[in-house]
Amino acid sequence: MSYSVGQVARFAGITVRTLHHYDEIGLLSPSGRSRAGHRRYEDDDLDRLQQVLFYRELGFPLDQVAALLDDPDTDPQEHLRRQHGLLTARIAELQRMAEAVEHAMEAKKMGINLTPEEKFEVFGEHDPEQYAEEVEQRWGDTEAYRESQRRTARYTKEDWQRLQDEAKDWGDRYGALMDEGEEPSGERAVAMAEEHRQHICRWFYECPQEIHRCLGDMYVADERFKSFYDAMRPGLAEHLRDAIHANADRRA
């Protein structure tokens with residue numbers, strides 16, 4: 001059975017333009033054409049597309065995805081282990097790992113059920129739905145996104161205020177810890193990194209250590225998240241990233 005480019009785009013949750021681009025660069029060329037010359041994708045093409053999207057979710061650039069898929073001697077598991085540094089550096093590009101995007105889910109408040117007055121009262125000048133469309137496009141097909149949606153849809157104004165208060169209190173304490181010269185690998189910093197992870201688990205979705213580790217890298221790699229944390233205290237994003245890694249290493 002073959003499928004049109006529009007059908008495949010809907011299956012995969014990507015755009016027709018993306019499929020055309022993959023074809024143009026030789027990353028994913030459809031096996032056939034219709035009598036009218038339109039692209040037709042076979043099951044094997046869909047399997048390759050699934051692999052392409054998987055590695056794209058992990059942050060691999062397209063040229064490396066092509067090299068990986070076209071090399072019969074490549075062991076995907078070993079390749080992923082060797083490329084761990086690349087994965088973490090490109091964490092902002094992840095989709096599957098973005099199941100763990102704490103700030104994306106907190107700041108964009110998908111499913112938030114507040115009146116405009118209540119939103120302003122709770123979040124001040126920040127628009128909790130500013131990046132709603134982007135979040136849904138990038139992470140809408142993840143279980144963590146759906147879990148966060150289910151949870152936050154039930155939250156009241158009081159719940160959101162409590163969440164915000166907890167986050168502010170954590171930020172104040174973390175900033176004070178940095179002012180005191182605490183190293184990211186110090187006991188207090190590591191404990192606060194774990195507190196950060198538990199905050200995500202409690203309010204949004206389950207966040208295991210490896211996912212949290214990737215989050216920490218994203219807080220530095222993505223300027224929006226870096227600005228969010230550095231606004232609490234300059235340098236906090238990188239300090240937290242290192243503390244998250246230290247915490248994950250100790251609990252491995």
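I start with a term that I will need later: a polar contact is a pair of N or O atoms within 3.5 Å; within protein, one must be able to donate a hydrogen and the other to accept it, and residues adjacent in sequence count only if both atoms are side-chain atoms.

Now the provenance. This is a predicted model, in which local features need pLDDT of at least 70 and side-chain atom pairs count only at pLDDT 80 or more, while totals for chains, interfaces and linings use all residues. Residues are numbered from 1 along each chain as its sequence is written, and side-chain values use heavy atoms, with hydrogens and water left out.

First, the overall picture. The chain has 15 helices and three strands; these are DSSP runs numbered from the N terminus, with helices being H or I of at least four residues and strands being E of at least two. Of its 252 residues, 46% count as buried. Buried means under 20% relative accessible area, exposed means over 50%, and partly exposed is in between, with a 1.4 Å probe and protein chains only. Among contacts, meaning heavy atoms within 4.5 Å, that have a separation of 6 or more, 64% are between residues 24 or more positions apart.

The three strands form an open sheet in the order 1-3-2, with antiparallel pairing. Two strands count as paired if DSSP finds at least two bridges between them. At the edges are strand 1, residues 3-4, and strand 2, residues 32-33, each of which pairs on one side only. Strand 2 is joined to strand 3, residues 39-41, by two bridges, and the two run antiparallel. R33 stands opposite R39 of strand 3.

T15 sits in the loop between helix 1 (5-12) and helix 2 (16-24), and is partly exposed at 44% relative accessible area.

Now the cores. By nonpolar core I mean a set of buried Ala, Val, Leu, Ile, Met, Phe, Trp, Tyr and Cys residues joined through side-chain atoms within 4.5 Å. The largest has 28 residues, and Y174, Y219 and L240 touch the most other members. Two or more residues of this core come from each of helix 11, helix 12 (187-203), helix 13, helix 14 and helix 15 (236-251). Not counting residues up to four places away in sequence, L240 touches W170, Y174, A193, H196, Y219 and Y229. There is also a second, separate core of 17 residues, which includes L27, L53, Y55 and V65.

How many aromatic pairs are there? The structure holds five. Rings of Phe, Tyr and Trp (its six-membered ring) pair if their centres lie within 6.5 Å; planes under 30 degrees apart count as stacked, over 60 as edge-to-face and the rest as tilted. The rings of Y3 and F11 have centres 5.3 Å apart and planes at 80°, so they are edge-to-face. Is Y3 buried or exposed? Y3 is buried, because its relative accessibility is 13%; F11, at 54%, is exposed. Y219 and Y229 make a tilted pair, 4.5 Å centre to centre with 40° between the planes. That pair connects helix 13 (residues 209-221), which holds Y219, to helix 14 (residues 223-230), which holds Y229. Y219 is buried at 0%, and Y229 is buried at 1%. Ring pairs also join Y219, F225, F228 and Y229 into a cluster.

D159, in helix 11 (residues 157-179), has a relative accessible area of 17% and so is buried. Its side chain reaches the backbone nitrogen of T156 at 2.9 Å and makes a polar contact with the side chain of R162 at 2.8 Å. E182 lies in the loop between helix 11 and helix 12 and is buried at 14%. The E182 side chain reaches the backbone nitrogen of A189 at 3.3 Å, and one of its polar atoms lies 3.1 Å from the backbone nitrogen of R188.
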